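The following note collects several points for a colleague who is examining the model shown below. Please read it alongside the coordinates.

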Amino acid sequence: MHAPTAPRIMWNKRAWTDLSRTPAAQLRQIQDEALARYVQEELYPFSAAYRAVFDGAGVRPEEIRGVADLARLPFTTKQDLLKAQSDPLHRYDFILRPTPETIRRAWPIGRKLSLVLGGLRAREELTYRYTPHFLTFTTGRSSDPVAFAYTPHDLELLGEAIARMFDIARIDAVEERVLNLFPFAPHLAFWALTIGGFTTGRMVVPSGGGKVMGTDGNLRLAERINATALVGTPGFLYHMLRQAAEEKRNLSRVSTIVLGAEKVPPGLKHKMAEALAACGAGKVTILGTYGFTEARMAFAECPTAYDVSSGYHLHPDLGVFEVIDPKTGAVLPERTPGELVYTGIGGHGTTVLRYRTGDLCVEGLTYEPCPHCGRTLPRIGSELKRVSEQHALSITKIKGTLVDLSAMGSVLMQMRDVEEWQVVLKKKNNDPLDLDELEVRFSPRKDADVEATAKSIRQGIHLATEVVPNRIEAVPLPDLLKQLGMESEMKEKRYLDLRPK
Ligand SMILES: [Zn+2]
């Protein structure tokens, strides 16, 4: 008979609470040590890609004693990952693949000894913890998706990271009932939340979003489970809440909204809270999160008033963020705007070191304790922009000017009198050689002054992007919802580029 083993996926909240209140200087030491050990015992010996990177830079793995030493190594870009995965000889280069020889050479004696003494069972476990069994993909439209491999060990790390997020967002009580509105897809957001529920043992119910159940189905599900927290993209969530308010649905138990994938302007938070109030809800906390495929985890804001943001709380033991000058690559000091660069600590499967995210963090990185929750974790500012470079997918050229589409979106989504909106890019006369045309479609709120709203849209977009729309058109809400594909697309079509390629 085998003795039953303890469940290993139940997370250790106590350890996290201690870690998140450890003095910042000590946290940096923990991070430095974890990084050094990871580079020596995992990344360098088991990753063909990073062995080549270190050797090419003339850096020995033991020379990385902490975060400050990372600057000696070159960056990894999305192009590097795409190049490797499309080359049959190199497609597994970014995946950790230990062999008996590399283990013998890289691991300290104690770790090797427990492997030897553990016999067959220990060797089986080693194989289990390093063998990929799950993939997610990046969502880029202009390039091939990049696959990220997870092993059972990585799903534990993801579960841990999201359990921490539940704690930061204060949705970790036993009574919580979380509705997961992310679309069913091989993307990080849906799985992160699902696995976070498994790890914490809290109720997380997936709906698949608008395409799977329709808005009505999602609302009925939210009522049926007495949802206390709604998690999804700002676009679909606002649409759902607006309809709920109109139909006087009962969402009185909802006290938290967690938004994934995009930055949340205060105006949109106010609109969401107002709609929820019409459904009987009391005070509602609305937070943003930041996650990306390459990190295989996400980071959350903590509860604050709608017009302030705590920034995203990081996991210093599981990864490192550096902020760099996107032009020179130099590492920048605290609280300086720059591009976010990510290095994972502890992961198996597909791993990245010094990965350029293409996200420009306007407020930079800080090690000051959070003034809102008191946690001592490092934080990055919530306002992110795309770096104006080739690998930035949401940057597009309109009328010869580089425009960050998300900046346009944040103007529109927070306007009180705008219920829904869509941005359309066309060529004049549909002629590929003619001028670009920018059209904004919007559905005005009931009783809104349509002329005045159109005028403030024009001004707001001009101010945020330096481009003036050619046409601003008011469209009835049901028509615009159809054009957006709110219930037919996995993600609504906010930006429609009809220009011939
Ligand atoms: Zn905080």
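1. Two strands are taken to pair if DSSP finds at least two bridges between them. Strands (E, at least two residues) and helices (H or I, at least four) are DSSP runs, numbered from the N terminus. On these terms, Leu425 has Asp497 in β21 as its bridge partner. Strand β18 (residues 418-427) and β21 run parallel and are joined by 3 bridges.

2. This is a predicted model, in which local features need pLDDT of at least 70 and side-chain atom pairs count only at pLDDT 80 or more, while totals for chains, interfaces and linings use all residues. Residues are numbered from 1 along each chain as its sequence is written.

3. β18 and β21 belong to an open sheet of 4 strands with mixed pairing, in the order β20-β19-β18-β21. Its edge strands, β20 (471-474) and β21 (495-497), each pair on one side only. On average, neighbouring strands of this sheet are turned by 20° against each other, direction ignored.

4. Of the 18 residues of α7, 14 are buried (20 or more other C-beta atoms within 10 Å of the residue's own, with C-beta atoms placed from the backbone). Arg170, which follows α7, has a positive phi, near 55°.

5. Where does Met297 lie? Its place is in strand β8 (residues 297-300). Met297 is buried because 25 other C-beta atoms lie within 10 Å. Leaving out residues up to four places away in sequence, Met297 touches Leu158, Ala161, Gly291, His315 and Leu318. The C-alpha atoms of Met297 and Asp154 are separated by 9.8 Å, although these residues are 143 residues apart along the chain.

Terms used:
Buried ≥ 20, exposed ≤ 12 C-beta atoms within 10 Å, placed from the backbone. Axes fitted to C-alpha atoms, helices over the stretch in contact; angles between N-to-C directions. Contact = placed C-beta atoms within 7 Å.
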